[in-house]
Amino acid sequence: MEGFVTALCILSLLVFSILITSNGVDTITKTKSLTDGETIVSSGGVFELGFFSPRNYRNRYVGMWYKKIPNTTVVWVANRGAPLLDTSAGVLKLTSPGILVLVNGSNGIIWSSNTLRSAEDPVAQLFDSDTTDTITTAKSLTDGETIVSSSGSYELGFFSPGTSKNRYVGIWYRTIYLKEITRTAVVWVANRETPLFDKSGVLKLTSRGILVLVNGTNDTIWSTNASRSAKDPIAQLFNDGNMAVRNTDDEVKVENLLWQSFDYPGNTLLPGMKLGKNFLTGQEWYISSWKSDDDPGEGAYTFVLDTHGYPQMFLRKGTADYLYGSGPWNGLRFSGISDSNQIFKFNYGLRLNYELNTEKVYYTFDIPNISVATRTVLSSEGYVGQWTWIDQTRGWIAMARAPEASCDMYASCGSYGICNIGNTSVCGCLDKFVPVNPRERALGDRSNGCVRRTPLGCPEGGEDGFVKYSRVKLPDTRNSSFDARMSLEECRRTCLGNCSCTAYANLDIREAGSGCLLWYGDLIDIKEFIEGGGQDIYVRMASSESGYVNPTPRGRSVRWKWIIIALAVSMTLLTTAFFYCILRRKLQKKGFGIWACITFNAAGKDLLSFDLGTSIGAGNNTLTQASKNLSSGKKEVDLPWFSFASMIGFILKSSGYMSPEYVSRGLFSVKSDVFSFGVLLLEILSGKRNTSFYDSHFLNLLGYAWDLWNSGRAQDVKDSILEDISSTNTLLRCINIGLLCVQESAADRPTMSDVVSMLSNEASFLPSPKQPAFSFSMSVLDQSPHNRPEICSENDMTMSILEAR
């Protein structure tokens, strides 16, 4: 290091001209001199300049030393041949021509600098570094020399690890950690697989921007590559520990670098380094252990971000032996990391970051306070740990370490097993699961895992549901798929519709949760957290075993749901009465039957209400009178002498209420009733009449609702006055039911009992609807005037004439 100290003249006090005078703590100006007892400090706090006396001497000198090293280490002296004999009279001044002058008490010049050119408003400034952090095409690095980052935190040079005599080029922590740990805190090694066997090595930079390490016979031991052509390149050691090659005139940005050491990690992950993969170039970022403390060559262990399925981190021995899995990223951290871990307890502002897109996926971490040294290290014994340097204790402290307990070992409890370090037997089965081999499990062999005690209904035609498990590390995601746009309810439906899907969970647990993560096949490597940490997962189970977890907020939507159920029951009773009416009509004379009082809201906003009783019908001419009353502005019309059969005919034979099989073939069944109910349900949800679309692109409400459903905007169907529907999921479910009821084929429609079940049990599965009857748009019709339907009623009231079949 003595050679480095004597070479630090390039770190010395520089004098230069600027347009604006600077009066910072790292400067001397024409109006602000430096007297004995005062100092200036470089902006990064690395160096200090002032007056000093070496050892036991009383003579005074102006010098420069490391600020942060307790025992003063002087690296430069101004007046080394002309000491000041007066211990308090010395003054260091800056003149107008830009010359530094050291004078004594009688104003005699003791020492002075010179200048290369004329000065205008000069200032003398102490820098952290100038060129000591670079290698150029004209200045190589030989064994015994080092370069230091401008902040003084990192140093690059030649070293021998442990007891080895082999020589390597590496980067290590520098000034604030003193000699006892500089060589034991190596963070990167260049020639880790090809050591030098003597001190003849030289690190050079070629004009093509390639770093080359050669031995005494000029043989290449190690070299870099270049991502693009170079022009006047330099190799620079940055304050984050990254050694990079760039063009001198290029702005310091990642995209401008020709090469960087951060792309080739060793056994250490520093803040800003990445674990992951670039999908475009195929480059992978991972850390690998040293073979031993004496050999930095790649060892048996690697710590990687696996990109199969939804990415997660794995500690591996070789390529196939998995020792530890982090669980997938959940928006805050990897699900296998407890939020009570020490990594989050220390107030250093450490942040975990994760990015996934079509071009690359990577994990990194950063810490705003660069004076805090923290690193992730993979040891040669196969442990990965997060370490932070503590100045007070002058040592490293482990903030996190894995694997640390038996539950950290990958798949320690087998498939569908769950590990809890707080239990007497750390391995158990998920609730509603049983051991595959109870005897072997009792003897300590848990590798066989667990199975469901009740087989799944799918694909055997049975029904399945889901069981919620909380505070767990999510299983291995290598056999998974994900969609960040889906809601949890959409995720549930997707999983339920695929017999191969075994579980689902939110992709991101921040705020209310978002995204969808789906598992296929057995669930492996699950851990239960005693304290904070983990998240919820929903595991597929036979319907007899599943406990319904309602994702819909309760409240007013529950009351609204029961209104719909009551309507469904009423419709069923109405159908029964209709068939009774038809039977009696055959036995009675025309004009006798059941009468009804029907109230219509001409604005189309209120539900049709029925008041059924018995009396004598009077005839169909009442419909005409009803139309006249509505046309005159009367909103409610009483039809007290209207036969029940006429009423049903009025409803069903109005365009859109009547099922397609009844329209085309005169066939009527319970599925015709379901069709009519579906139309009524969509009218209630939308606040629009089915026949109020004559002047729009759509023929009727069914076509309008179907178009919104297909375009993913089904929630736009909702009428603004339906405030009771407080959940979008509830609204979409009811629209789905309505569209199922109005499907073209009667065989595709549910029965009324199915409809009641769908409305009352939100855990029940809803199939996707097919295109409704009469749902084609007006654009497919001939829009010529003679084919356009005549508008006969200004208030949208439909009129039908009943005729016997």
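This is a guided tour of a predicted model, stop by stop, with what to select at each.

**Ground rules**

Residues are numbered from 1 along each chain as its sequence is written, and side-chain values use heavy atoms, with hydrogens and water left out. In this predicted model, local features need pLDDT of at least 70, side-chain atom pairs count only at pLDDT 80 or more, and totals for chains, interfaces and linings use all residues.

**Stop 1: confidence**

Colour by pLDDT, the predictor's confidence in each residue, from 0 to 100. The protein averages 77. Of the residues, 73% score at least 70. Now pick out elements: helices (H or I, at least four residues) and strands (E, at least two) are DSSP runs, numbered from the N terminus. Strand S19, residues 211-214, has the highest mean pLDDT among the elements, 98. Strand S47, residues 609-616, has the lowest, 30.

Select residues 1-24. Here the pLDDT is below 50. Beyond near neighbours in sequence, this stretch has 61 contacts in the model (contact: heavy atoms within 4.5 Å). Then select residues 548-559, where the pLDDT is also below 50. That stretch has 18 contacts beyond near neighbours in sequence. Where pLDDT is low, the predicted coordinates should not be read in detail.

**Stop 2: helix H10**

Select residues 701-710, helix H10. Is this helix mostly covered or mostly uncovered? Mostly covered: seven of its 10 residues are buried. Buried means under 20% relative accessible area, exposed over 50%, partly exposed in between (1.4 Å probe, protein chains only). Show Leu701, Leu702, Gly703, Tyr704, Ala705, Trp706 and Leu708; these are the buried ones.

Now go to the N-terminal end of H10. Asn700 caps it, with a side-chain oxygen 3.2 Å from the backbone nitrogen of Leu702. After the helix comes Gly712, with a positive phi near 75°. Cys734 counts as buried because its relative accessibility is 5%. Cys741 is buried too, at 0%.

**Stop 3: Thr477**

Select Thr477, in the loop between strand S40 (464-473) and strand S41 (480-483). Thr477 counts as buried because its relative accessibility is 0%. What is Thr477 in contact with, leaving aside its neighbours within four places in sequence? Show His308, Gly309, Tyr310, Gln312, Pro328, Leu517 and Trp519.

**Stop 4: disulfides**

Show the cysteine sulfurs. A disulfide here is a pair of cysteine sulfur atoms within 2.5 Å. The count by this rule is six. With the bonded cysteines numbered in sequence order, the pairing runs 1-3, 2-4, 5-6, 7-10, 8-12, 9-11.

- Cys407 and Cys419: S to S is 2.0 Å. The link is left-handed, with -80° about the S-S bond. Cys407 lies in the loop between strand S35 (395-402) and strand S36 (417-419), and Cys419 in S36, 12 residues apart. Cys407 is buried at 5%, as is Cys419 at 1%.
- Cys458 and Cys499: S to S is 1.5 Å. The link is left-handed, at -40°. Cys458 sits in the loop between strand S39 (450-452) and S40, Cys499 in the loop between helix H4 (488-496) and strand S42 (501-505), 41 residues apart. Cys458 is buried at 17%, whereas Cys499 is partly exposed at 33%.
- Cys495 and Cys501: S to S is 2.0 Å. This link is left-handed, at -100°. Cys495 is buried at 0%, and Cys501 is buried at 0%.

Methods:
A polar contact is a pair of N or O atoms within 3.5 Å; within protein, one must be able to donate a hydrogen and the other to accept it, and residues adjacent in sequence count only if both atoms are side-chain atoms.
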